[in-house]
Amino acid sequence: MDDFPFHSGGTNVLNLSLKQPLRAESRAELDQRGARVAAGMPGVMPESQKQRVRRLAAHCQKYRGSVPRHAIQQLITTLVPLALIVAAMFATVEHAYWMTLLLAIPAAGLLVRAFIIQHDCGHGSFFSSRLLNDFVGRCMSVLTFAPYGLWRREHAQHHATSGNLDRRGAGDIDTFTVSEYLQLSPLQKLRYRLYRHPLFLFGIGVPAYFVILQRLPWVHALPARETWRSVVGLNIGLIAFYLPLFYFLGWSNVLWVGLPVLHIASAAGGWLFFIQHQFEETTWDRAEGWDFQVAALLGSSYYKLPRVLNWFTGNIGLHHVHHLNSMIPNYRLMACLDASPELQAINRLTLRDSIKCAQLKLWDETKRRLIRFDELPATQ
């Protein structure tokens with residue numbers, strides 16, 4: 001079993017907010033105090049930012065923990081339709097490829113949903129048993145092409161360092177500050193501009209990362225010796241799973257069916273990950289001023305999607321809730337959000353709002369917001 005630095009006493013503690021001192025008052029007192037503050041009642045001192053975040057973290061704490069019935073239901077409603085759609089794709093691939101490509105869209109959506117299941121297993125929230133989480137997570141990785149153990153550790157680092165300017169690089173989309181960008185050479189600036197271009201990032205970069213780079217143990221934030229078992233283990237699993245399909249269905253058919261699904265799913269997943277932290281009013285701080293819970297809540301978006309997209313994406317758009325308490329499984333995130341009007345109003349982005357975020361490229365430490373390249377001084 002892969003080593004997991006955030007594991008203690010048989011229970012995943014990837015939700016680092018549980019290690020933070022939440023409050024001096026009891027949770028009930030904080031809830032009552034928050035209600036009085038929100039109502040503008042006299043004699044109640046306004047909350048500080050940290051007090052408000054701690055109170056909302058206490059609210060989220062009520063929704064942590066798995067519900068086995070919902071977990072099993074989600075597995076069935078993901079894998080069964082995915083298998084049926086893929087079967088239909090194979091039935092049409094040689095005679096009506098246009099239909100195969102149309103079917104690739106819902107299949108990709110279901111693959112994103114499978115990745116969210118793997119994601120929750122990595123957090124230890126999908127089931128209450130770590131062994132069951134690890135088993136299901138590794139099974140999902142054969143479909144998502146993401147090595148379970150490696151991804152789990154890198155994603156743990158992402159949660160532990162999100163919004164910390166001095167600890168970027170693990171599980172993040174590269175984001176430079178204005179001052180860092182201005183110090184780059186012309187060639188380095190061009191490279192960064194190409195990297196941040198949506199066509200490259202989502203059309204080439206993220207799909208290549210899932211299909212190619214995650215087959216290699218040497219290109220990740222962790223040392224190769226720590227990633228080797230997870231990466232090579234999945235590669236062996238992929239060979240064992242897909243080789244019979246190549247043999248019985250033909251390698252060209254498998255590729256014509258599988259590659260569009262993988263490409264669409266990885267591009268969509270990359271966009272979701274991007275929009276979860278790359279919005280204008282996000283927050284980044286240097287280590288000395290960084291606070292885990294403040295960064296978790298204010299540095300993550302609430303991506304308000306239509307209900308059908310929430311279903312396909314496992315409610316991951318409620319990312320501020322997820323970062324505030326990563327032990328809430330995806331099937332309980334909406335209940336947590338619905339019970340808090342405050343959380344519904346924080347960092348809310350619609351689909352239309354999110355398109356504009358693709359233009360944001362650099363963190364301006366002075367203005368404390370992400371900016372576009374054309375907001376730089378004209379001489380730069």
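A residue is called buried at under 20% relative accessible area, exposed at over 50%, and partly exposed in between, computed with a 1.4 Å probe on protein chains only. At 60% relative accessibility, Ala345 therefore counts as exposed.

The structure is a predicted model, in which local features need pLDDT of at least 70 and side-chain atom pairs count only at pLDDT 80 or more, while totals for chains, interfaces and linings use all residues. Residues are numbered from 1 along each chain as its sequence is written, and side-chain values use heavy atoms, with hydrogens and water left out.

## Overall composition

The protein has 17 helices and seven strands. Helices (H or I, at least four residues) and strands (E, at least two) are DSSP runs, numbered from the N terminus. Of the 380 residues in the protein, 50% are buried. Contact means heavy atoms within 4.5 Å. Among contacts with a separation of 6 or more, 72% are between residues 24 or more positions apart.

The expected span of a helix is taken as 1.5 Å times one less than its number of residues. The table sets out two helices on this basis.

| Helix | Residues | Number of residues | Span, first to last C-alpha | Expected span |
|---|---|---|---|---|
| α2 | 49-61 | 13 residues | 18 Å | 18 Å |
| α9 | 198-211 | 14 residues | 18 Å | 20 Å |

Helix α9 bends by about 30° at Gly205, and Pro207 follows within four residues. The bend at a residue is the angle between axes fitted to the seven residues ending there and the seven starting there. Leu201, Phe202, Val206, Pro207 and Phe210 of α9 are buried. The cover over the buried residues of α9 includes α4 (97-123), α5 (130-144), α8 (186-196) and α11 (251-277). In α2, the buried residues include Val53, Leu56, Ala57 and Cys60, and also Arg54, Arg55, His59 and Gln61.

## Aromatic rings and charges

A pair of aromatic rings is described by the distance of the centres and the angle of the planes. Rings of Phe, Tyr and Trp (its six-membered ring) pair if their centres lie within 6.5 Å; planes under 30 degrees apart count as stacked, over 60 as edge-to-face and the rest as tilted. By this rule there are 19 aromatic pairs. One of them joins Phe126 and Phe127, edge-to-face, at 5.1 Å centre to centre and 90° between the planes. Phe126 and Phe127 are both buried.

Tyr192 and Phe373 have ring centres 6.2 Å apart and planes at 80°, so this pair is edge-to-face. The pair links distant parts of the chain, with Tyr192 in helix α8 and Phe373 in the segment after β7 (369-371), 181 residues apart. Tyr192 and Phe373 are both buried. Phe115, Trp151, Tyr209 and Phe210 form one aromatic cluster.

A charge sits over a ring if NZ of Lys or CZ of Arg is within 6 Å of the ring centre and within 35 degrees of the ring normal. The charged end of Arg113 sits over the ring of Trp311, 3.8 Å from its centre. The charged end of Lys189 sits over the ring of Tyr181, 5.4 Å from its centre.

## The β3-β6-β7 sheet

Two strands pair if DSSP finds at least two bridges between them. Three strands form an open sheet in the order β3-β6-β7, with mixed pairing. Strands β3 (176-177) and β7 stand at the edges with a single partner strand each, so one side of each is left without a neighbour in the sheet. The pairing of β3 with β6 (residues 362-364) is parallel, over two bridges, and Phe176 stands opposite Leu362 in β6.

The loop between β6 and β7 holds Arg368, which has a positive phi of about 55° although it is not a glycine. Arg368 is partly exposed, at 37% relative accessibility.

## From α16 to β5

Ala345 belongs to helix α16 (residues 341-345). Its C-alpha is 8.4 Å from that of Tyr302, 43 residues apart along the chain. In the loop between α16 and β5 (348-349) lies Asn347, another non-glycine residue with a positive phi, of about 50°. Asn347 is buried, with a relative accessible area of 16%.

Leu349 lies in strand β5 and is buried, with a relative accessible area of 10%. Leu349 and Lys304 are 45 residues apart in sequence, with their C-alpha atoms 5.9 Å apart. Leaving aside neighbours within four places in sequence, Leu349 is in contact with residues including Ile275, Phe279, Tyr302, Lys304 and Cys357.
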